[in-house]
Amino acid sequence: MPSESRKARAAAARKAMERARQQERRQRRLIFGAAIGLAVAVIVAVSLVVSLDHPGSTASAHSAAQSIPTTPPATAEGRTEQPPWSAPADTTTQVRAAGLPMLDAEGTVEHIHAHLDVIVDGKPVVVPAELGIDQATGEISPLHTHDTSGVLHIESPVQADFSLGQLFTEWQVALSENQIGGLQAGDGKVLQAYVNGKAVTGNPAGIVLHAHDEIAIVYGTAAQQANPPSSYAFPDGL
C-alpha cells in the first residue's frame, strides 16, 4: 500500500507539472500574439499619419502617370521671337500645355535619351537647361533637359511616345513646317529637320523621339543645309 501511495503522489505531481507547463505555454502565446497585434497597430497608425500628411499622394502619382498620352501631339506653340530662346518663366504651365504631367520624381519604366541641335544661319542655338523642371516645386516632366548639351531626357513612369513638339512647347518656342520662333522660311531661307542626318518632311513637331536619335533643326540658306549633324557622342550611361 505505501508503494501504491507513492506512485499515486508521483503521478499527481507529474500531472501538476504538465498543467503548469501548458499554462506557461498559453501565456507565452498570448504575450506573443499581443506583441504582434501591437506591431500591426503601430504600422497601420504610421501609414495613416503618412497618408494624412500626403493626402492622395499614391492616387495622384497614378493619375499623373495615366495622363501621359500614348500618342503625343504633333504640333508646338510658343514664342514667335528671334533667337536665342531662354527657358520659360512658368515651367509647369508649359509642361501642361505640352499635354504632360508634372511628376514628383523621374519615371523608371521608360528611360531613353535623344539629342537636339538647333542651327540658325550656320550658328548653334542653345537648348536651355532644366526645360520641364520646376525647381520651385521640385517637380519634373517625363520629358526634360538637365543641362545645355542638347540631350533630351525621357524618364517616364509608363511606356509612351514623346514628340519634338512637346519639347518645343515646354521650351515655349513655336515650331512648324516653315517656322521656328520668329524665323520664317522664304526669301532664300530654308527650315529643314533632320533625324540621324536624314531630311524629314512635314512638320518637325511631329518627330517622335527614339533612343540616341540625333535631331537637327536647321534654318538658313540652302548652302547652310549641307552636312547637318548625323550623330551625337552620348556620355557613358546615357
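Tutor: Two strands pair if DSSP finds at least two bridges between them, and strands (E, at least two residues) are DSSP runs numbered from the N terminus. The model is predicted, so to speak of local features requires pLDDT of at least 70, side-chain atom pairs count only at pLDDT 80 or more, and totals for chains, interfaces and linings use all residues. Residues are numbered from 1 along each chain as its sequence is written, and side-chain values use heavy atoms, with hydrogens and water left out.

Strand E1 (residues 110-120) pairs with E2 (residues 123-125) in the antiparallel sense over three bridges, and Val-120 stands opposite Lys-123 there. Two residues lie between E1 and E2 in this hairpin, where Asp-121 in the turn has a positive phi of about 50°.

Nine of the eleven residues of E1 are buried, that is, under 20% relative accessible area with a 1.4 Å probe, protein chains only. Glu-110, in E1, is buried yet has no salt bridge, and Arg-96, the nearest side chain of opposite charge, is 20 Å away; a salt bridge would need a side-chain nitrogen of Lys or Arg within 4 Å of a carboxyl oxygen of Asp or Glu. The side chain of Glu-110 does, however, reach the backbone nitrogen of Ala-160 at 3.0 Å. Beyond its neighbours within four places in sequence, Glu-110 has contacts (heavy atoms within 4.5 Å) that include Ile-154, Val-158 and Phe-162.

Definitions and conventions: Helices (H or I, at least four residues) and strands (E, at least two) are DSSP runs, numbered from the N terminus. Buried means under 20% relative accessible area, exposed over 50%, partly exposed in between (1.4 Å probe, protein chains only). Lys and Arg count as positive and Asp and Glu as negative; His and the chain ends are not counted. A polar contact is a pair of N or O atoms within 3.5 Å; within protein, one must be able to donate a hydrogen and the other to accept it, and residues adjacent in sequence count only if both atoms are side-chain atoms.
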